[in-house]
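Thanks, everyone. Please have a look at the structure on the screen, and then I'll walk you through a few parts of it.

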Amino acid sequence: MSSPQVAAGLPTEGALPELASVYWRQRVSDGSLRRTGRIWTAITVAHTLPFIAVAGLLLALNPATAAVALMALAQAWIIPELYAARGANVVRPRPRSDEQAERVSVGLLGDLLDHDARELHRATGLVLERASLGVWLVGEAGAVLVRPGGRRVHCYCVKAAATELPSGDRIAHLLLALRTDETGFATVANLAFSGARWRLNRRVKGAARDALTAARRAARPSR
């Protein structure tokens, strides 16, 4: 499925116009995110439980089938890992072309951010944005929503309509769309993964993992 797009121009106040292109989708809300999380968990269990059951049955019938049972358990582990890998793709950096344009775009993006967010973007390439649904990490081709408490994440695939723009401009367009209409942004975007943060953490690397750690901390209630 191709990534949905948000207009490259600065959004105006109110609902995102791109909502008209996904009129059949229910607008995302806190309650719908909880339901989506439960559905993804149920689907994951449905896909993995048969392999676990087969492994247990093989061992119970004949311990000599241990190798086959281990293969079944490996399959049960691999399936959710593949889902998480698809979610990790939304925050992976894209190829760079014009270095001068990149520097200018990053400077303009910095004008939209506070000091901490600028420093995180400089270190990781991702922008942390606190909002009503949780804490967002916005990248060039999507965003990760870390839900309150920091345990569950929702990974969304979405990009700016003008894909030839440098990375800072692409992130800025997504960030402005998110700030304009958070629930509309989550509605327009395609959900690539919903699951435990620790599972996504295994699939992201280096700087993206550091950004996810920062988002987890921001999503946890203050003590």
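Predicted model: local features only at pLDDT ≥ 70, side-chain atom pairs only at ≥ 80, totals over all residues.

Take Cys155. Cys155 is in no disulfide, and the nearest cysteine sulfur, that of Cys157, is 10 Å away. The cut-off for a disulfide is a pair of sulfurs within 2.5 Å. Is Cys155 buried or exposed? It counts as buried, because its relative accessibility is 0%.

Now the strand around that spot, β5. This strand runs over residues 152–157. It is mostly covered: of its six residues, five are buried. Which strands does β5 pair with? One is β4, in the antiparallel sense, over five bridges. Here Cys157 comes back: in β5, Cys157 is the bridge partner of Gly142. The hairpin of β4 and β5 has five residues between the strands. In that hairpin, Gly149 takes a positive phi near 100 degrees.

Another partner of β5 is β7, residues 190–196. Again the pairing is antiparallel, this time over six bridges. Look at Val153: it stands opposite Gly195 in β7.

Next hairpin. β2 and β3 pair in the antiparallel sense over four bridges. Leu128 has its bridge partner in β3, and that partner is Leu137.

On to helix α8. It covers residues 206–219, which makes 14 residues. From first C-alpha to last, α8 reaches 20 Å, close to the 20 Å expected at 1.5 Å a residue. Which residues of α8 are buried? They are Ala208, Ala211, Leu212, Ala215, Arg216 and Ala219. Seen down the axis of α8, these buried residues fall within an arc of 145 degrees, so they line one face of the helix. Here is the general background. An α-helix has 3.6 residues a turn, so residues three or four places apart point the same way. On the other side of α8, Asp210 and Arg217 are exposed.

Is Arg199 buried or exposed? Arg199 counts as buried because its relative accessible area is 14%, and the cut-off for buried is under 20%. What does Arg199 touch, beyond its neighbours within four places in sequence? Its contacts are Trp77, Pro80, Glu81, Ala84 and Phe193.

Ser105 is buried, with a relative accessible area of 1%. A polar atom of the Ser105 side chain lies 2.9 Å from the backbone oxygen of Glu102. Leaving aside neighbours within four places in sequence, Ser105 is in contact with Pro166, Ser167, Gly168 and Asp169.

To recap, then. β5 pairs with β4 and with β7. The buried residues of α8 line one face of that helix.

Terms used. Residues numbered from 1 in each chain as written. Heavy atoms only, no water. Buried < 20%, exposed > 50% of the residue type's maximum accessible area, 1.4 Å probe, protein only. Contact = heavy atoms within 4.5 Å. Helix = DSSP H or I, 4+ residues; strand = E, 2+ residues; numbered from the N terminus. Expected span 1.5 Å × (residues − 1). Arc of directions from axis to C-beta. Polar contact = N/O pair within 3.5 Å; in protein donor to acceptor, adjacent residues only side chain to side chain. Pairing = 2+ DSSP bridges.
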